[in-house]
Amino acid sequence: MPVTVVIGSQWGDEGKGKIVDLLSEDLDIVARYQGGANAGHTICWDDKEFVLHLVPSGIFHDNTTCVIGNGVVIDPAAVIEEIKTIEELGYSVEGRLHISHNAHLIMPYHKAVEQARERLRDADAIGTTGRGIGPAYMDKFARTGIRMVDLLDRDTLRKKLKQAIEEKNTLLKSVYGADELDVDAIVEEYVEFDKMVDPYVTDTTQYLNRALADGKHVLAEGAQGSLLDVDFGTYPYVTSSHPTVGGCCTGLGVPPTAVNRVIGIVKAYSTRVGNGPFPTELNDDAGERLRKVGHEFGATTGRPRRCGWLDLVALRYTTQVNGFTELAVTKLDVLTGMDEIKVCTRYRYNGKETGRFPSETQTLERVEPIYESLPGWSENLQEASTFEELPANAQSYLEYLQQKLNVRISLISMGPKRSQTIAVPPQVAA
Ligand code: IMP
């Protein structure tokens with residue numbers, strides 16, 4: 001059976017959590033393939049709201065097994081805390097959560113180094129979530145990281161941790177002028193984690209490939225968004241992993257030939273948290289309205305998100321990189337009540353028009369978006385349970401997006417609840 005990949009098409013916060021939760025109902029396994037506790041996936045039902053940072057959004061479906069793949073960087077304290085919260089909510093995690101033995105760990109020194117570096121960069125800071133993601137991936141690729149499997153062997157862990165903390169203390173003190181960390185306290189805290197994580201740590205690549213061979217259906221869940229990809233995003237204002245489709249293969253160990261469905265999640269407008277270029281950003285009443293109505297505040301850090309119009313130059317680019325086979329449009333309800341909805345179709349740079357998404361930050365910071373304007377709608381979308389029941393102008397907006405991106409829209413989300421969703425059958429126009 002095949003792999004379905006769910007990917008954010010913008011700068012993250014597209015509403016992937018809800019879509020993964022919905023799709024999980026019919027799937028056997030949900031697997032996270034990159035990122036760490038920088039992600040915040042919000043799920044809502046029975047008027048309750050849950051934010052997951054590490055455990056995949058399928059955990060609230062009893063028949064779904066969840067996997068945290070080798071491509072994820074894991075803060076063991078955070079994952080233990082999250083498991084506790086899920087169990088307190090009445091969901092059993094036992095036998096339903098597998099964590100890759102090859103996944104790398106985020107340690108307190110990763111967060112300390114990140115904070116010190118961001119402070120030093122000052123105005124040029126990336127505006128990270130402060131979860132130690134970048135420094136953990138740095139250690140992974142420098143081949144000095146500590147992995148999940150090391151947590152299970154106290155002697156090895158002690159040795160590796162001491163070495164790593166001593167090295168990081170030198171860096172913190174001499175380069176960043178920051179406080180050193182207490183080696184013994186960290187070692188003692190982390191060796192205690194072995195029993196807590198032991199039931200979950202396994203060879204998830206074997207597990208997933210066997211499951212696929214047995215006809216199980218896997219949903220691969222990307223965190224963040226394509227424009228935050230370390231290679232394809234707005235570098236250096238990106239995260240340190242691959243939210244794009246290739247990350248699914250390297251972050252889980254499943255072959256690309258197993259992937260047959262790539263769902264791009266498109267928020268009906270754009271948002272971005274942290275620093276970096278954002279051509280369609282609105283620093284006016286319309287932007288403020290999107291933030292307010294869309295509750296655009298970070299699920300992990302609480303920071304206000306920057307808001308703007310939809311950017312088709314960026315979306316055509318991420319559609320190309322990921323090969324989306326279908327799109328899920330989220331937060332359509334947030335646009336209700338706007339007289340006019342603008343969509344950026346091209347950029348103007350140095351007096352010339354272009355449809356290219358530039359990779360140079362300096363260029364992207366200076367492009368002028370060229371907009372097309374579409375009429376808004378004022379009718380309440382909650383009345384609609386099919387595409388045809390949506391207000392005519394909302395239908396036109398979706399048809400316009402589908403036509404411009406040349407990808408079918410298969411899901412429309414109009415609110416945080418599971419029920420506030422329209423599944424669009426293939427034969428319908430949108
Ligand atoms: P990091 O991933 O914490 O290193 O942060 C790098 C950049 O990615 C910053 O601009 C963050 O705001 C952004 N970022 C990281 N995770 C998310 C997310 O889940 N949603 C939106 N932005 C994110």
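The domain assignment divides the protein chain into domain 1 (3-100 + 201-262), domain 2 (104-197) and domain 3 (266-423); such bounds come from an automatic or database domain assignment. The model is predicted: local features need pLDDT of at least 70 and side-chain atom pairs count only at pLDDT 80 or more, while totals for chains, interfaces and linings use all residues. Residues are numbered from 1 along each chain as its sequence is written, and side-chain values use heavy atoms, with hydrogens and water left out. The C-alpha centres of domain 2 and domain 3 are 37 Å apart. Contact (heavy atoms within 4.5 Å) links six residues of domain 2 with five residues of domain 3.

The largest nonpolar core has 56 residues, of which Val-3, Cys-248, Leu-332, Leu-335, Leu-390, Tyr-397 and Ile-412 touch the most other members. Such a core is a set of buried Ala, Val, Leu, Ile, Met, Phe, Trp, Tyr and Cys residues joined through side-chain atoms within 4.5 Å. Buried denotes under 20% relative accessible area, exposed over 50%, and partly exposed in between (1.4 Å probe, protein chains only). Helix α14 (residues 392-405) supplies the largest share of this core, six residues; helices (H or I, at least four residues) and strands (E, at least two) are DSSP runs, numbered from the N terminus. At least three residues of the core come from each of domain 1 and domain 3. Another core, of 40 residues, lies apart from it and includes Phe-60, Leu-105, Val-183 and Val-191. In soluble globular proteins, nonpolar side chains tend to be buried together.

Beyond its neighbours within four places in sequence, Cys-248 contacts Val-3, Val-5, Tyr-33, Ala-220, Gly-253, Val-254 and Val-259. Thr-4 belongs to strand β1 (residues 3-8) and is buried, because its relative accessibility is 1%. With residues up to four places away in sequence not counted, Thr-4 touches His-217, Val-218, Leu-219, Ala-220, Arg-261 and Ile-263.

Helix α11 (residues 285-293) has Ala-286, Gly-287, Leu-290 and Arg-291 buried. These buried residues line one face of the helix, because they fall within an arc of 140 degrees when seen down the axis of α11; the arc is that of the directions from the helix axis to the C-beta atoms. They pack against β13 (306-308), whereas Asp-285 and Lys-292 are exposed on the other side of α11. At the N-terminal end, α11 is capped by Asp-284, with a side-chain oxygen 3.1 Å from the backbone nitrogen of Ala-286. This is a polar contact, that is, a pair of N or O atoms within 3.5 Å; within protein, one must be able to donate a hydrogen and the other to accept it, and residues adjacent in sequence count only if both atoms are side-chain atoms. His-295, which follows α11, has a positive phi, near 50 degrees.

Around the ligand there are 16 residues, of which Asp-13, Asn-38, Thr-129, Thr-239 and Arg-303 come nearest; a residue is near a molecule if one of its heavy atoms lies within 4 Å of it. For Val-273, a backbone N or O atom lies 3.1 Å from a ligand oxygen atom.

Tyr-235 and Pro-236 are joined by a cis peptide bond, with omega about 5 degrees. Phi of Gln-224 is positive, near 55 degrees, and Gln-224 is buried at 9% relative accessible area. Asn-350, in the loop between β16 (340-349) and β17 (352-354), has a positive phi near 55 degrees and is exposed at 66% relative accessibility.
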